[in-house]
Number of protein chains: 2
Amino acid sequence: MGIVNALRCRECKQEYEPTLKYICDECLGPLDVTYDYGSIKVSRDTFANREKSYWRYFELLPIAEKANIVSLEAGFTPLHRADRLADALGLRAGNLYLKNDSVNPTFSFKDRPAGVAVSKAREMGLKAVGCASTGNLASATAAHAAKADLPCYIFAPKDIEYAKIAQALAYGAEFIAVDGTYDDANRIAAQISDAKPIGIVNVNLRPYYVEGSKTLAYEVVEQLNWKVPDHLIVPVASGAMLNAICRGLEELYELNLVDGIDNVKVTAAQAKGCSPIVEAFKGNRDEIVPVEYPNTIAKSLAIGDPGDGIYALRRLRQFNGYAEDPDDDEIRDAILLLARYEGIFTEPAGGVAVASLKRLVEDGRIDKDEHVVCYITGNGLKSIDAIEGLLRKPRIVKPNYMDVVEMISIAGT
Amino acid sequence: MGIVNALRCRECKQEYEPTLKYICDECLGPLDVTYDYGSIKVSRDTFANREKSYWRYFELLPIAEKANIVSLEAGFTPLHRADRLADALGLRAGNLYLKNDSVNPTFSFKDRPAGVAVSKAREMGLKAVGCASTGNLASATAAHAAKADLPCYIFAPKDIEYAKIAQALAYGAEFIAVDGTYDDANRIAAQISDAKPIGIVNVNLRPYYVEGSKTLAYEVVEQLNWKVPDHLIVPVASGAMLNAICRGLEELYELNLVDGIDNVKVTAAQAKGCSPIVEAFKGNRDEIVPVEYPNTIAKSLAIGDPGDGIYALRRLRQFNGYAEDPDDDEIRDAILLLARYEGIFTEPAGGVAVASLKRLVEDGRIDKDEHVVCYITGNGLKSIDAIEGLLRKPRIVKPNYMDVVEMISIAGT
């Protein structure tokens with residue numbers, strides 16, 4: 001199992017015992033889990049016949065005892081070959097893949113970090129869990145808490161999509177709807193985690209939590225027969241997922257599972273109404289200027305003050321990527337493009353990724369020989385309102401054959 | 001690949017060329033695909049390293065050329081070990097599994113039959129597809145049609161859940177909302193398929209379509225290391241899925257992949273507001289009396305005149321099963337039971353299955369040593385209205401720590 005050596009400060013490298021700690025005492029930097037990579041004996045064959053979930057990579061996840069794993073069988077989602085979309089965008093068949101995380105158990109990629117964090121909460125003997133959420137994490141945390149028989153507290157802005165609230169409530173979570181932004185909800189969750197013996201998955205369990213998202217890198221590479229793609233398009237909110245994907249790539253190299261990662265580009269996709277990381281990248285700045293009032297249909301990406309923003313920014317530079325910020329109209333169009341060409345129905349975050357890809361292709365920043373993977377991180381059923389205005393209306397008819405047959409016209413007949 | 005020998009009448013055994021035909025000229029019985037099982041060379045090892053979708057069983061699916069497969073990577077969904085639910089119901093840990101088809105690409109089991117039927121439409125060179133639908137099939141057909149670049153016509157009653165309509169529209173389907181019941185929509189679809197060169201997946205493509213649902217039996221058995229469970233609980237609408245699961249079991253035996261299927265029981269679950277098959281079973285009748293006006297929250301099961309009803313009924317007797325018909329309150333409670341104990345969020349059809357299981361356990365009709373598999377066929381995000389009244393409301397608070405901290409009470413602290 002994944003034996004955690006220590007928590008290490010990402011900035012000053014100070015090390016700590018692996019507890020609920022998440023901020024460095026010395027410099028206030030974020031803490032990351034470290035492993036003794038030399039003791040991890042894995043090869044490509046290790047994984048070949050393992051379970052079809054992200055727990056197949058348990059040596060690289062921070063849970064010491066298998067009995068503590070809380071699994072809903074998330075992960076190992078389809079890597080969907082997108083030839084129709086490639087053709088529509090002007091890319092070559094076989095060169096575009098979509099990592100379809102809309103089919104996770106709670107219908108977003110958040111089952112990865114939430115499942116790891118709730119497992120860690122069980123391993124630590126905590127009696128309650130919770131999260132600060134833009135919506136998807138609420139359901140992922142609540143469902144894993146249900147499976148683990150732990151009470152769960154959700155802190156979220158009150159204007160998130162109702163489907164996401166209802167889903168989290170169905171799993172039995174206590175839903176605290178903050179009359180403010182995600183950043184307000186996150187601040188309150190942090191204060192609660194200081195005051196109460198609760199594991200807030202993306203606050204005091206954050207060093208463990210972020211490890212779950214590394215599996216988005218492992219799986220893509222394994223599903224491509226251990227080939228590293230040339231370009232990853234990653235939707236970004238806090239920046240944690242993008243950073244974790246990059247860390248996952250580095251680990252694959254560290255463990256000799258791939259030959260090299262020097263040629264892979266990593267690109268960030270944010271929505272125009274909340275794009276602090278993209279702004280900093282395009283402005284060639286090292287600092288993130290928070291967005292006070294996010295305003296976009298991509299609510300799951302609407303984090304104005306991204307916790308891992310500066311690290312995501314460094315990763316974009318390290319991996320020679322780009323940053324794009326399509327507007328709401330581009331996002332809506334991309335949702336429908338994806339649905340109509342590939343049969344994948346995503347929430348706006350996935351639309352942000354596809355719209356950014358479209359921009360890169362149109363600007364000639366993606367070479368036709370590049371192998372591109374675009375991450376589709378959430379499910380369209382959670383945000384139907386976002387596209388409602390663009391859909392044709394159903395045609396309502398009386399149940400008479402003659403009325404209906406005139407509506408059917410088939411080309412070439 | 002799956003080489004279809006013929007279409008054979010389920011009643012009089014008359015055989016026909018494998019075309020778009022679906023009703024026997026002699027006796028009006030339904031037609032089924034037949035294969036030359038002797039020529040199918042498969043063993044358990046054949047499947048071990050195959051793709052993680054139901055297409056891993058392509059020798060047993062009616063598509064001759066791999067190039068014609070239209071795949072969204074559906075199937076091979078988790079077989080979820082449900083120890084918490086087992087405990088809550090009074091079953092033994094390790095004896096209850098849930099086949100979680102809510103995580104298919106369009107979020108219901110219908111991706112199985114629809115994907116096979118749209119592939120067959122491509123193989124036959126058809127220029128359009130469609131379906132009669134209670135909702136889930138609309139999206140499954142529309143998404144596969146999108147991937148196949150075929151126009152798609154949906155015929156459905158106008159009162160189905162809006163999420164299902166919106167999803168099908170997002171994939172680009174033409175949605176014809178019939179002001180009537182599912183049976184009206186189905187009748188019109190059948191008339192259209194007689195008049196136009198269109199493949200209606202569950203009408204004139206039905207012999208191929210139903211083959212997709214056999215994979216619900218194959219996968220469960222393979223995921224249990226080729227052990228046949230003792231009892232299957234199957235939600236039932238038209239009866240086609242239950243019949244296909246039973247056929248799948250018979251094929252596994254025919255092909256020597258399992259030692260025997262004599263001890264497996266198959267139980268049907270319908271909602272009280274539309275339970276013609278359960279009524280016939282409980283009344284010990286051989287005929288199905290159609291329900292003229294279905295009235296249940298389980299809209300995806302609301303088929304008043306089930307096309308495969310008498311065959312489902314025969315299967316229940318062949319496989320020594322039961323039939324149950326929980327009411328809407330039981331269904332709602334079961335949805336929440338499943339969500340709160342296992343972290344799986346299902347639509348009412350899954351609630352019907354779990355509520356029926358609960359009845360069987362309470363009545364002592366499930367032995368504590370039995371290995372039970374319950375089929376969860378669809379996704380709760382499509383029918384949030386069904387449980388809305390039972391959910392606690394989110395607690396809306398100002399973003400002040402002091403207001404929030406009083407809401408958090410953790411046991412034992």
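The following legends describe several views of a predicted model.

**Figure 1. Overall view of chain A.** Chain A contains 13 helices and 14 strands. Its radius of gyration is 21 Å, close to the 22 Å that the globule rule gives for 413 residues, so chain A is as compact as a globular protein of that length. The C-alpha trace of chain A spans about 75 × 45 × 45 Å along its principal axes. Buried residues make up 66% of the 413 residues of chain A. Among the contacts in chain A with a separation of 6 or more, 71% are between residues 24 or more positions apart.

**Figure 2. Surface and charges of chain A.** Chain A carries 47 positive and 58 negative side chains. The centres of these two sets of charges lie 3 Å apart.

**Figure 3. Helix 4 of chain A and its cover.** Helix 4 of chain A comprises residues 162-170 and is mostly covered, with 8 of its 9 residues buried. The buried residues are A:Ala163, A:Lys164, A:Ile165, A:Ala166, A:Gln167, A:Ala168, A:Leu169 and A:Ala170. The cover over these buried residues includes elements from both chains: helix 3 (136-148) and strand 8 (174-178) of chain A, together with helix 12 (328-342) of chain B. Just after helix 4 of chain A, A:Gly172 adopts a positive phi of about 95°.

**Figure 4. An open sheet of 5 strands built from chains A and B.** Strands of a sheet pair through backbone hydrogen bonds, either parallel or antiparallel. The order in this open sheet is 14(A)-8(B)-7(B)-6(B)-9(B), and the pairing is parallel. The edge strands are strand 14 (395-397) of chain A and strand 9 (199-200) of chain B, each of which pairs on one side only.

**Figure 5. Strands 6 and 7 of chain B within that sheet.** Strand 6 (residues 129-132) and strand 7 (residues 152-157) of chain B pair in the parallel sense over 4 bridges. B:Val129 stands opposite B:Cys152 in strand 7 of chain B, and B:Gly130 stands opposite B:Tyr153 in strand 7 of chain B. From strand 6 of chain B, B:Val129 and B:Cys131 point one way, whereas B:Gly130 and B:Ala132 point the other way.

**Figure 6. An open sheet of 6 strands in chain B.** The strands of this sheet follow the order 4-5-13-10-11-12, and their pairing is mixed. Strand 4 (79-81) and strand 12 (323-324) of chain B are the edge strands, and each pairs on one side only. Strand 5 (residues 96-100) and strand 13 (residues 372-376) of chain B run parallel and are joined by 5 bridges. Across this pair, B:Lys99 stands opposite B:Tyr375 in strand 13 of chain B.

**Figure 7. Strand 10 of chain B and its partner, strand 11.** Strand 10 of chain B (residues 231-235) is mostly covered, and 5 of its 5 residues are buried. B:His231, B:Ile233 and B:Pro235 point one way from strand 10 of chain B, while B:Leu232 and B:Val234 point the other way. Strand 10 pairs with strand 11 (residues 265-269) of chain B in the parallel sense over 5 bridges. Within this pair, B:His231 stands opposite B:Lys265 in strand 11 of chain B.

**Figure 8. Two residues of chain B with positive phi in loops.** B:Leu28 lies in the loop between strand 2 (15-16) and strand 3 (31-35) of chain B. Although B:Leu28 is not a glycine, this residue has a positive phi of about 65°. B:Leu28 counts as exposed because its relative accessibility is 66%, and the cut-off for exposed is over 50%. B:Trp226 is found in the loop between helix 8 (215-223) and strand 10 of chain B. Phi of B:Trp226 is near 65°, again a positive value in a residue other than glycine. B:Trp226 has a relative accessible area of 12% and is therefore buried, since buried means under 20%.

**Figure 9. B:Gly38 in a loop of chain B.** B:Gly38 is located in the loop between strand 3 and helix 1 (44-47) of chain B. With a relative accessible area of 52%, B:Gly38 is exposed. B:Gly38 and B:Asn243 are 205 residues apart along the chain, and their C-alpha atoms are separated by 23 Å.

Conventions:
Residues are numbered from 1 along each chain as its sequence is written. Chains are lettered from A and ligands numbered from 1 in the order in which they are written. This is a predicted model: local features need pLDDT of at least 70, side-chain atom pairs count only at pLDDT 80 or more; totals for chains, interfaces and linings use all residues. Side-chain values use heavy atoms; hydrogens and water are left out. The radius of gyration is taken over C-alpha atoms; the globule rule is 2.2 Å times the number of residues to the power 0.38. Buried means under 20% relative accessible area, exposed over 50%, partly exposed in between (1.4 Å probe, protein chains only). Contact means heavy atoms within 4.5 Å. Lys and Arg count as positive and Asp and Glu as negative; His and the chain ends are not counted. The place of a charge is taken as NZ of Lys, CZ of Arg, CG of Asp or CD of Glu. Two strands pair if DSSP finds at least two bridges between them.
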